[in-house]
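Subject: Handover of a structure and the findings from it

Dear colleague,

Please find below the structure I am handing over to you.

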Amino acid sequence: MKKLILFASSIVIMSSCVSKKKLTAAQAEYANFKASTESSLAKAKADLNDCDKTRASLEADLKSKDGDLQAKIKQLKSLEDQIDYLKKTNTNLLDRMSDLSIVSKAGAESIKKSLETLNDQSKYIKDLNSSVQRKDSLNLALVMTLKRSLADVNDDDVTVEVKKGVVYISISDKMLFQSGSAVINSKAETVLEKVAKVVNDHKELDILVEGHTDSVPIATDCLKDNWDLSTKRATSVVRLLQTKFSVAPERMTAGGRSEFAPKDSNENSAGRKLNRRTEIIVTPKLDQFFQLLANGQGK
């Protein structure tokens with residue numbers, strides 16, 4: 001601007017000593033210079049404005065890049081933390097694997113012993129099932145034989161059935177005894193003879209004889225109560241089987257149950273009639289039965 005002012009001043013001063021032509025030339029030159037200067041100034045302002053925009057854009061890009069850089073730094077820190085955690089975890093896993101190599105040996109031995117135990121138990125169960133099946137088959141055959149032997153006896157007086165895995169022969173007191181008596185009737189001896197013949201054919205079986213009464217109290221010179229009556233009746237049957245029909249006494253047991261194992265209600269005459277009975281229970285010799293299992297010969 002100073003140059004412009006000085007130049008204008010010089011023109012004014014010179015205007016007095018130069019010709020009009022020169023003045024015109026000078027004015028034209030000034031106009032051109034002014035136009036050129038204004039154009040340059042406008043261009044400079046435009047360039048400056050472009051520079052401001054570029055600078056603003058660069059600052060925005062820089063800020064964005066800085067944000068990205070901070071995010072990357074944070075992500076890198078997270079990855080480093082994960083790497084540290086994985087290193088620690090890997091170390092722990094290696095330690096545990098080292099311990100596990102010891103445990104696995106003991107575990108393998110334990111599993112082996114468990115499998116051996118399971119095999120033994122499986123064999124035991126198989127043998128037991130075989131023995132039970134054998135016993136069930138024997139019970140079925142025994143029931144069929146007894147029923148054939150007693151086919152001519154009234155079913156109300158004698159019943160044969162399998163209960164609780166053993167054979168029950170239930171004989172009514174009407175068939176065996178007089179009321180309140182433990183003396184066996186002569187007609188009952190035929191029934192007991194048939195039973196004795198069957199059990200003598202199966203010497204591997206034991207015989208339990210149980211006497212049962214109803215709940216009506218009894219008291220005589222010979223019998224104190226129903227316990228006494230039921231026991232004496234069972235003893236009478238065992239004694240007859242031994243002495244007259246040659247059943248080995250070591251195979252037999254006599255017991256009285258009195259009124260405390262009823263088949264039916266004692267509240268009516270029909271129920272009491274069913275409850276007055278003697279049961280001959282044919283059972284396997286348990287010591288031999290389990291000896292078979294112990295020897296692994298239960299088939």
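Two residues are taken to be in contact when they have heavy atoms within 4.5 Å of each other. On that basis, among contacts between residues at least 6 apart in sequence, 67% join residues at least 24 apart. Please bear in mind throughout that this is a predicted model.

Overall architecture

The chain contains seven helices and five strands. Their order along the sequence is α-α-β-β-α-α-β-α-β-α-β-α. Of the 299 residues in the chain, 26% are buried. The exposed surface comes to about 20,500 Å², and carbon and sulfur atoms supply 58% of that area.

The nonpolar core

The largest nonpolar core has 34 residues, and those touching the most other members are Ile169, Ile171, Leu192, Val237 and Ile280. At least two residues of this core come from each of helix 2, strand 1 (158-163), strand 2 (166-172), helix 3, helix 4, strand 3, helix 5 and strand 5. Helix 4 gives the most, with seven residues.

Ile280 illustrates how these parts meet. Apart from its neighbours within four places in sequence, Ile280 is in contact with Val167, Tyr168, Ile169, Ile171, Leu192, Val195, Ile207, Leu208, Val209 and Val237.

Helix 4 covers residues 188-200. The buried residues of helix 4 are Ala188, Val191, Leu192, Val195, Ala196, Val198, Val199 and Asn200.

The corresponding check on helix 5 gives agreement as well: 18 residues should span 26 Å at 1.5 Å a residue, and the end C-alpha atoms are 26 Å apart. At the start of helix 5, a side-chain oxygen of Asp225 comes to within 3.1 Å of the backbone nitrogen of Trp227. Buried positions in helix 5 are Asn226, Leu229, Ser230, Arg233, Ala234, Ser236, Val237, Val238, Leu240 and Leu241. The cover over them includes helix 3, helix 4, strand 3 (205-212), strand 4 (252-256) and strand 5.

Salt bridges

Side chains of opposite charge can pair when their charged atoms come close. How many salt bridges does a search of the whole structure find? The search finds ten.

One of these joins Arg233 and Asp173, at 3.9 Å from N to O. This pair links distant parts of the chain, with Arg233 in helix 5 (residues 226-243) and Asp173 in helix 3 (residues 173-176), 60 residues apart. Both Arg233 and Asp173 are buried.

Asp173 also meets Arg276 in a salt bridge, at 3.4 Å from N to O. Here too the pair links distant parts of the chain: Asp173 lies in helix 3, while Arg276 lies in the loop between helix 6 (269-275) and strand 5, 103 residues away. Since buried means under 20% relative accessible area, Asp173 counts as buried at 11%, whereas Arg276 counts as partly exposed at 26%. Salt bridges with shared partners join Asp173, Asp214, Arg233 and Arg276 into one network.

A further salt bridge is formed by Asp81 and Lys77, whose closest N and O atoms are 3.1 Å apart. Why are Asp81 and Lys77 separated by about one helical turn? The reason is that they are four residues apart in helix 2 (residues 20-149). An α-helix has 3.6 residues a turn, so residues three or four places apart point the same way. Asp81 is partly exposed, with a relative accessible area of 39%, and Lys77 is likewise partly exposed, at 45%.

Arg277

Arg277 belongs to strand 5 (residues 277-284). At 5% relative accessibility, Arg277 counts as buried. Its side chain makes a polar contact of 3.0 Å with the side chain of Glu279. Leaving aside neighbours within four places in sequence, Arg277 is in contact with Ser170, Ile171, Ser172, Asp173, Glu210, Gly211, His212, Ala261, Pro262 and Lys263.

A colleague

Definitions and conventions. Residues are numbered from 1 along each chain as its sequence is written. This is a predicted model: local features need pLDDT of at least 70, side-chain atom pairs count only at pLDDT 80 or more; totals for chains, interfaces and linings use all residues. Side-chain values use heavy atoms; hydrogens and water are left out. Buried means under 20% relative accessible area, exposed over 50%, partly exposed in between (1.4 Å probe, protein chains only). Accessible areas come from the Shrake-Rupley method with a 1.4 Å probe; for residues, only the protein chains shown count as cover. The expected span of a helix is 1.5 Å times one less than its number of residues. A polar contact is a pair of N or O atoms within 3.5 Å; within protein, one must be able to donate a hydrogen and the other to accept it, and residues adjacent in sequence count only if both atoms are side-chain atoms. A salt bridge is a side-chain nitrogen of Lys or Arg within 4 Å of a carboxyl oxygen of Asp or Glu. A nonpolar core is a set of buried Ala, Val, Leu, Ile, Met, Phe, Trp, Tyr and Cys residues joined through side-chain atoms within 4.5 Å.
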